[in-house]
Amino acid sequence: MGDYADLPGVRTWYETEGTGDPLVLLHGGFCTNETWGAQRADLAAAHRVLLPERRAHGHTPDVAGPLTYQDMADDTVAFLETVVGGPAHLVGWSDGGVVALLVVLARPDLVRRVVVVGATFRPAGESFAEPGMLDAMTPGSPDMEFFREMYEPVSPDGAGHWPVVAAKVLDMWRTQPTLTEPELGRVTAPVLVVSGDDDLMTLEHTTALYRALPDARLAVLPGASHLVPLEKPALLNGLILDHLAEQGPVETLMPVRRAGG
């Protein structure tokens, strides 16, 4: 089901499923490909789905030094160039959505369409609905048990490395990402922005992301949290497939925001 790719930044584990146009799934922070379980079959029925696990996540080892979104985006660019072999659709959840935005900004030639779910473009203090939650999150806290149980059985660094990785991710959330709305305005790919109506990110922040992207669509899923792919898989999968199948600009009967497009 999986294999390693020797990328310049880190030896990266990935899995592949299905045939067709390539679609790269980018998991959330602390997560593994296991969390895409409710998406894989539906998406692989229409696309060649590739699922890399980023540095310090899942089967992919940690790398010395701090964890940064930019390094993970560079790894993803290398993955697109060497494993995918060309442009692909990107679907990123949470941290994976941040990585997707950085990739499309750096290498628009490698990206076709993008979906970001529960993504942010500013650090936790500016985007989280409850920024103080980070103060209660420690490697051994109950809130982290779900992630620790995914990490420990598969990490090549061993279960004992979990506290190191947990601290790196939490530090990253406090200070990154640092994108600006003018920078997001350079994104040329069509982007579907998805959020739960009770997401980790404020709705105001999600709306700011949507408005900053020149060619964006917005979906706020009712009765959902930051765990949209687990809570509303059928609805999310349909939205993803519809977005990736779109041809050309959005056409509506009563455009307002898009009227000048």
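Two aromatic rings of Phe, Tyr or Trp are called a pair if their centres lie within 6.5 Å. With that in mind, a group of residues in this predicted model can be picked out: ring pairs link F30, F128, F146, F147, Y151, W162 and W173 into a cluster. Across the whole structure, a search finds nine aromatic pairs.

Two of the pairs found are worth a look one by one. Y4 and W13 pair edge-to-face, with 5.2 Å from centre to centre and 70° between the planes. The two partners can be told apart by their accessibility: Y4 is partly exposed, with a relative accessible area of 24%, whereas W13 has 15% and counts as buried. Here the cut-off matters, because buried means under 20% relative accessible area.

Y14 and F79 also form an edge-to-face pair, with their ring centres 5.4 Å apart and 70° between the planes. Y14 belongs to strand β2 (residues 11-17) and F79 to helix α2, so this pair ties together parts that are 65 residues apart in sequence. Y14 counts as buried, at 16% relative accessibility, and F79 counts as buried too, at 1%.

Helix α2 spans residues 69-84, and its buried residues are Y69, M72, A73, D75, T76, V77, A78, F79, L80, V83 and V84. After helix α2 comes G85, a residue with a positive phi, near 80°.

The secondary structure of the protein is made up of eleven helices and eight strands. The radius of gyration is 17 Å, close to the 18 Å that the globule rule gives for 261 residues, so the protein is as compact as a globular protein of that length. Taken along the principal axes, the box filled by the C-alpha atoms is roughly 55 × 40 × 30 Å.

How much of the protein is buried? Of its 261 residues, 53% count as buried. Contacts tell a further part of the story: among those between residues at least 6 apart in sequence, 76% join residues at least 24 apart.

Finally, the surface and the charges can be described. The protein exposes about 11,000 Å², and carbon and sulfur atoms supply 55% of that area.

Notes
Residues numbered from 1 in each chain as written. Predicted model: local features only at pLDDT ≥ 70, side-chain atom pairs only at ≥ 80, totals over all residues. Heavy atoms only, no water. Buried < 20%, exposed > 50% of the residue type's maximum accessible area, 1.4 Å probe, protein only. Helix = DSSP H or I, 4+ residues; strand = E, 2+ residues; numbered from the N terminus. Rg over C-alpha atoms; globule rule 2.2 N^0.38 Å. Contact = heavy atoms within 4.5 Å. Areas by Shrake-Rupley, 256 points an atom, 1.4 Å probe, with all protein chains shown as cover. Phe/Tyr/Trp six-rings, centres within 6.5 Å; stacked < 30°, edge-to-face > 60°.
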